[in-house]
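I am opening a notebook on a structure that is new to me, and I will write down each thing as I look it up.

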Amino acid sequence: MSVPHPGGDPNANLYAQLKRDVLDRVPQVSTVEFVPDDIEATQLRAIFDPARLDPPTGLKSPELTVKWYRQDPDDWFRVNYTDSNTGFHAGWHQDEDHPDLGQAHFQYSTTTTEDRWGITFEHETPSLILWEIVEELLKDVRPTYQYANDES
């Protein structure tokens, strides 16, 4: 059971900024949408084109969801990647779920394994943190953890 976010409304302008500055610029992303819609916007969802991912995945489009609440002294956020082709999930969370891991943590799960550990971000602004997450997802996380037990 996860600890709920500390309250307040997501900042729709922040979601528009994250969409424009980061997710619309990722070549592997085919669609970015506000959830449930662009008026209420409680989160962002980016849909990856599976043909543009390296290593490749199945036919279904993996998704990245972003929930972000601005607050002092530190923002609360969860960025989750899910690939239903392989059952892989990765998450970067800055919340209160695992205080033993520090301010933020990374977690992943496959059909056979899961793990989590504390992380720090090089940047403090939301757009740069999201860039850092997307780059890590595409460069290190998918190749290292999603396919670690792949025998193909």
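Which residues does valine 79 touch, not counting residues up to four places away in sequence? I keep in mind that I am reading a predicted model, and I list Leu64, Thr65, Val66, Trp68, Ala90, Gly91, Trp92, His93, Leu130 and Ile133 as the contacts of valine 79.

**Entry on strand 4.** I looked next at strand 4, residues 76-83, and found it mostly covered, with 7 of its 8 residues buried. On one side I traced strand 3, residues 63-69, which pairs with strand 4 in the antiparallel sense over 7 bridges, and I noted that valine 66 has valine 79 as its bridge partner in strand 4.

I then turned to strand 5, residues 88-94, which runs antiparallel to strand 4 and is joined to it by 7 bridges. Here I saw aspartate 83 standing opposite phenylalanine 88 of strand 5. The hairpin of strand 4 and strand 5 has 4 residues between the strands, and in it I noted glycine 87 with a positive phi near 75 degrees.

**Entry on the core.** Which residues touch the most other members of the largest nonpolar core? I counted 34 residues in this core, and the ones with that property are Leu23, Leu64, Val66, Trp68, Val79 and Trp92. Among the elements that give two or more residues to this core I wrote down helix 1 (12-21), strand 3, strand 4, strand 5 and helix 2 (126-146). Helix 2 gives the most, with 7 residues.

**Entry on the rings.** I found 13 aromatic pairs in the structure, and I looked up the pair of phenylalanine 106 and tryptophan 117, which is tilted, at 5.1 Å centre to centre with 55 degrees between the planes. Phenylalanine 106 lies in strand 6 and tryptophan 117 in strand 7 (residues 114-119), so this pair ties together parts that are 11 residues apart in sequence.

Is phenylalanine 106 buried or exposed? I recorded a relative accessible area of 1% for phenylalanine 106, which is buried, whereas tryptophan 117, at 28% relative accessibility, counts as partly exposed. Tryptophan 117 also pairs with tyrosine 108, and I called that pair edge-to-face because the ring centres are 6.1 Å apart and the planes stand at 70 degrees. Tyrosine 108 is buried, with a relative accessible area of 11%.

Lastly, I noted that ring pairs link Phe48, Tyr81, Phe88, Trp92, Phe106, Tyr108, Trp117 and Tyr145 into a cluster.

Note on methods:
Residues are numbered from 1 along each chain as its sequence is written. This is a predicted model: local features need pLDDT of at least 70, side-chain atom pairs count only at pLDDT 80 or more; totals for chains, interfaces and linings use all residues. Side-chain values use heavy atoms; hydrogens and water are left out. Buried means under 20% relative accessible area, exposed over 50%, partly exposed in between (1.4 Å probe, protein chains only). Two strands pair if DSSP finds at least two bridges between them. A nonpolar core is a set of buried Ala, Val, Leu, Ile, Met, Phe, Trp, Tyr and Cys residues joined through side-chain atoms within 4.5 Å. Contact means heavy atoms within 4.5 Å. Rings of Phe, Tyr and Trp (its six-membered ring) pair if their centres lie within 6.5 Å; planes under 30 degrees apart count as stacked, over 60 as edge-to-face and the rest as tilted.
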